[in-house]
Amino acid sequence: MFVHLTAEKNVKAILRNGLSRLRRAGAVPSGIFAMPVTRSFCVSHQWLRELKRRGLGPIAGIYFRVPDDETVWVGHYNQPHQRMTAAEAVGLIASQPSPEGYQVIVPRKIARSEVHRFRTLPQVIGWRYQPGSHGSRPCPCPVCLKGNFGARRIRQKFD
């Protein structure tokens, strides 16, 4: 079982049509970004606050199943991803001492029949900026703070 985080406004279309494959450029493979559902609710939904920063509105979780032997991409968000089976990807993430920042990419469309359910989520789960950044000072440069709430106050504080 995996969870894909999306804006709540997209839920009806996803339940009707499934999850479409995303097009991505660069080093990250294209596909559906997801996390395995683990015993830790926070680890499974760790990307919520970072996605919320992009102004998508309330975020919902779309839960779907992928066969254990299906090939997926897995890795830390700022490192090269590895190709392995879905079961191996779940094991890799579960074995990490700090699984924050990991992601699984399913390189195909998720059919409507594979979607198990959706759930509205508490909007305060996960990390912002980068994993482990809680308690560290934000970068005051205009590029890092562009469009963020409270950016002027942060720049004034560090100037």
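**Fold, sheet and nonpolar core of the predicted chain**

From the N terminus on, the elements of the protein chain follow the order β-α-β-α-α-β-β-β-α-β-β-α-α, which comes to six helices and seven strands. Helices (H or I, at least four residues) and strands (E, at least two) are DSSP runs, numbered from the N terminus. The model is predicted: local features need pLDDT of at least 70 and side-chain atom pairs count only at pLDDT 80 or more, whereas totals for chains, interfaces and linings use all residues. Residues are numbered from 1 along each chain as its sequence is written, and side-chain values use heavy atoms, with hydrogens and water left out.

Of the 159 residues in the protein chain, 38% are buried (under 20% relative accessible area, with exposed over 50% and partly exposed in between; 1.4 Å probe, protein chains only). The accessible surface of the chain is about 9800 Å², and carbon and sulfur atoms account for 52% of this area (Shrake-Rupley method with a 1.4 Å probe; for residues, only the protein chains shown count as cover). Among contacts (heavy atoms within 4.5 Å) between residues at least 6 apart in sequence, 73% join residues at least 24 apart.

The seven strands of an open sheet are arranged in the order S5-S4-S6-S2-S1-S3-S7, with antiparallel pairing; two strands pair if DSSP finds at least two bridges between them. Strand S5 (82-85) and S7 each have a single partner strand and stand at the edges, so one side of each is left without a neighbour in the sheet. Direction ignored, neighbouring strands are turned by 40° against each other on average (axes are lines fitted to C-alpha atoms, for helices over the stretch in contact, and angles run from 0 to 180 degrees between N-to-C directions). S4 and S6 run antiparallel and are joined by four bridges; Trp-73 stands opposite Ile-105 in S6. Helix H4 packs on the sheet, where it touches S1, S2, S4, S5 and S6, and its direction makes about 115° with that of S5.

The largest nonpolar core holds 31 residues, of which Phe-2, Leu-5, Leu-19, Phe-64, Val-104, Val-106 and Ile-110 touch the most other members. Such a core is a set of buried Ala, Val, Leu, Ile, Met, Phe, Trp, Tyr and Cys residues joined through side-chain atoms within 4.5 Å. The largest share, five residues, comes from S3. Not counting residues up to four places away in sequence, Leu-5 touches His-45, Trp-47, Leu-48, Leu-51, Ile-59, Ala-60, Gly-61 and Leu-121.

Glu-114 lies in the loop between S6 and strand S7 (115-120) and is buried, with a relative accessible area of 19%.
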